[in-house]
Amino acid sequence: MNQQIQELYNKASKQTRLIIGLMSGTSMDGLDIALCKVSGSGLETTIDVVAFKTANFTNQFRADIKAIFSKKEVDLQLVCLMNEHIANTHARLINEALQEWGYKNGDIDFIASHGQTIFHAPQSLHQLKHFPNGTLQIGDADHIAVKTGIITLSDFRQKHLAAGGEGAPLAVYGDYLIFSKAKEDRVMLNIGGIANFTYLPASLNASEIFSTDVGPGNTLMDQYMQKHYNRFYDDDGTIGLSGTLNLDLLSALLACDFFSAKFPKTTGPELFNLDYLQKAQVQSKTEGLSTADVMATLCQFSAETIASAIIKCFGSRAGVKIFMSGGGMHNPLLVENLKQMLPDATFLTTSDLGINPDAKEAVLFAVLANETLCGKPINFGERKGVPAVCMGKISLP
């Protein structure tokens, strides 16, 4: 047997595994690195986040990603080069984090790398009947494996596509394993660039679970802040809080077929971007609106799409427990808007369940990798969009 395959087998057979989960989202503020101690698999999974940090990207690196991000027409040579450049950068940041935390690379069993999404194209978005669902994450895992010396799992979304899913959201798999609790209905709400939630029934019946994207979380607000304020996001909702909601613009923003589509569904900044906002402003004749008023309206737009989706599932007086994660939970205006629209819901964060909410997505990919190595596919029933698969390609050092 090849020595590296033997090592893969030996590490997967360990009672407890050290797995690094990586996540780089649409905000591109940095690489989330979560060092997790994982035991068991399936509903017997136990996970402890040993260390976590968000390793910042340089402005130039961020600009290089933006040059190929969420665009139909890009420089193909740059896409090719960035596949390697992103991986090399992520590997360097991992090595630096391990040194900072006092770990040797040989102490780590596996890396679970989400990669950097540069385009997400479900059929509902591209509308090309003779093409399948598509998504593309770059940051080649062979480079990460070689430069860290650690077995790396990556490209999780491709197996989901191959098995009939849309490549997103994948949170349902990890949410079910980590956060399900008997006799308590839970909604795991992640407000990242795109907002999504997973419903976890008190029955623990996997066939009753579902997860769906609901619309823009931070992506429109972040894009607008970057263009008009040269800031990555609206820190503490300061700009939005200083503005006034414009109902005409809000109505135009909500006039999109995506919101009436059935669950589960997926979307991305390929739809919800500054062009989308511009068209809504033209339609509503609000081009002269102040930037603060636009931000206040975009924040309400995100809150309305999230709340409407939850109400559609659980009713207007839904008394569910909502556990938040993602950057949007740090925006006080967005959270207050949600609380006003869902007055009977209880809003908590995943820190109340023992997981740092900023680390949650990186942790989820560590869990997905653990299932591929040690678990088995979860059967979510016959519903579209949640195939029973284990995900992640394996790259040896």
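The axes of helices α10 (247–254) and α11 (residues 274–284) come within 8 Å and cross at roughly 125°, where axes are lines fitted to C-alpha atoms, for helices over the stretch in contact, and angles run from 0 to 180 degrees between N-to-C directions. The two helices α10 and α11 are therefore oblique to each other, since angles under 35 degrees count as roughly parallel, over 145 as roughly antiparallel, 65 to 115 as roughly perpendicular and the rest as oblique. Their crossing is right-handed, the near helix being turned clockwise from the far one by less than a right angle. On the α10 side the contact (heavy atoms within 4.5 Å) is made by D248, L249, A252 and L253, and on the α11 side by Y276, L277, A280, Q281, Q283 and S284.

This is a predicted model, in which local features need pLDDT of at least 70 and side-chain atom pairs count only at pLDDT 80 or more, while totals for chains, interfaces and linings use all residues. Residues are numbered from 1 along each chain as its sequence is written, and side-chain values use heavy atoms, with hydrogens and water left out.

Turning to α11 itself, its buried residues are Y276, L277, A280, Q281 and S284, buried meaning under 20% relative accessible area, exposed over 50% and partly exposed in between, with a 1.4 Å probe and protein chains only. Seen down the axis of α11, these buried residues fall within an arc of 135°, so they line one face of the helix; the arc is that of the directions from the helix axis to the C-beta atoms. The face turned away from this buried side carries the exposed residues K279 and Q283, whereas the buried residues of α11 pack against α8, α10 and α12.

Two of these partners, α8 (residues 219–228) and α12 (residues 291–314), also meet each other, with axes that come within 9 Å and cross at roughly 165°. That makes α8 roughly antiparallel to α12. In this contact, L220, M221, Y224, M225 and H228 of α8 meet T291, V294, M295, L298, C299, F301 and S302 of α12.

Elsewhere, in helix α2 (residues 59–66), the buried residues are F61, R62 and I65. They cover an arc of only 100° around the axis, which puts them on the same side of α2. These buried residues pack against α3 (76–101) and β4 (110–121), while the exposed N59 and Q60 lie on the face of α2 turned away from its buried side. Helices (H or I, at least four residues) and strands (E, at least two) are DSSP runs, numbered from the N terminus.
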